[in-house]
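Let's take a walk through a protein model together. Have a look at it first, then read on.

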Amino acid sequence: MNNVAVMYHYVREPDHWNGIVPLSPKHFEDQIDYISRTHNIISVNDIRRKHTKPWCVLTFDDGTKDQYTFAFDILKRKGISAYFTVMSGPAISQDIPLVHLVHSVLSFISDEEMWERINNKFDTRGVEGESQIYSYEKNILRRYNKYMLNFKLSETEVGMFLQDIFNTHFLSKEEFIKDFYLNAAEIKEMHNAGMEIGIHGNRHLPYNLDPQTFYREEIDTCKKWLCSIGIEPRWYTPPFGGGKNFHEMRNQLTSILISNGINGAFTTQKGFISDNQDFWMNRIDCNQIKQLI
Ligand SMILES: [Zn+2]
């Protein structure tokens, strides 16, 4: 039996949010009980201790509000410490990362309509092969849409394209941010209740091959914001696991992260975690946990 870090995003009922694949709170709770039969669910801060039983860390990405409302509530009740990574962009510059603009817009228009809009407006050649990173999406058009929006098109192109659709469905950026993300008070409350808070980034960007700039703008901005609310982050989870430059990210960023007090980082590479103290640790998506452990 192997050590494992489970990757969670949204924990909520899907309601009308069909742009995301959430885990329902009931399934989340059942999953904790299931994992507990074979693993000790431990705080991320205890992973480098000696263990007699395989361990499991629960990791949450993106700092969305549902994680406070549902997951935190369940974790508190069960006395489990989990690891949550948050972004500073929504709080300090009213910035909604593109990935969440995509999730919210995809919740309100169909994949067919979105694909038609994208296909009419942009060059979509090569998308069939390149969108394989989203192979977990059963709907092919959803897969293409997410690939085009998250990777293929420039940030400016996507921003303008989605903003138009977003504006017709949501009141304002400020309202959306208030409802969609954890705020500083909630993050502090979670931290005070024993949850570990880590860095996900500032604007949720993939690694850009420029370690100094990426560290300063994406990582340190988030770290400083957390410090300003009294939390010193010690763990890092890069957005998209670093993106397509994840190999370079590991080579170029590791020493910078270590010299800035980061203990370790979690990827989106699927796999277990050995006992040999790797800095970068694989994860298993929560939707695959029952087949694998
Ligand atoms: Zn993320």
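## About the model

This is a predicted model, where local features need pLDDT of at least 70 and side-chain atom pairs count only at pLDDT 80 or more, while totals for chains, interfaces and linings use all residues. Residues are numbered from 1 along each chain as its sequence is written, and side-chain values use heavy atoms, with hydrogens and water left out.

## Two domains

The chain splits into domain 1 (4-94 + 182-292) and domain 2 (98-175), with bounds from an automatic or database domain assignment. Their C-alpha centres sit 24 Å apart.

## Where they touch

Here 16 residues of domain 1 are in contact with 15 of domain 2 (heavy atoms within 4.5 Å). Between them, about 1,300 Å² is buried, 59% of it from carbon and sulfur atoms; this is the accessible area (1.4 Å probe) that two parts lose on being put together, summed over both.

The rule finds 1 salt bridge across this interface (a side-chain nitrogen of Lys or Arg within 4 Å of a carboxyl oxygen of Asp or Glu). Arg203 and Glu155 also pair up through their side chains in a salt bridge, at 2.4 Å from N to O.

## The zinc site

Which residues coordinate the zinc ion? They are Asp62 (OD), His200 (NE2) and His204 (NE2), at 2.0 to 2.2 Å. Donors are N, O and S atoms within 2.8 Å of the metal (3.2 Å for Na, K and Ca), and water is not among the atoms, so sites may look incomplete. Along the chain, the donors follow the spacing D-x137-H-x3-H.
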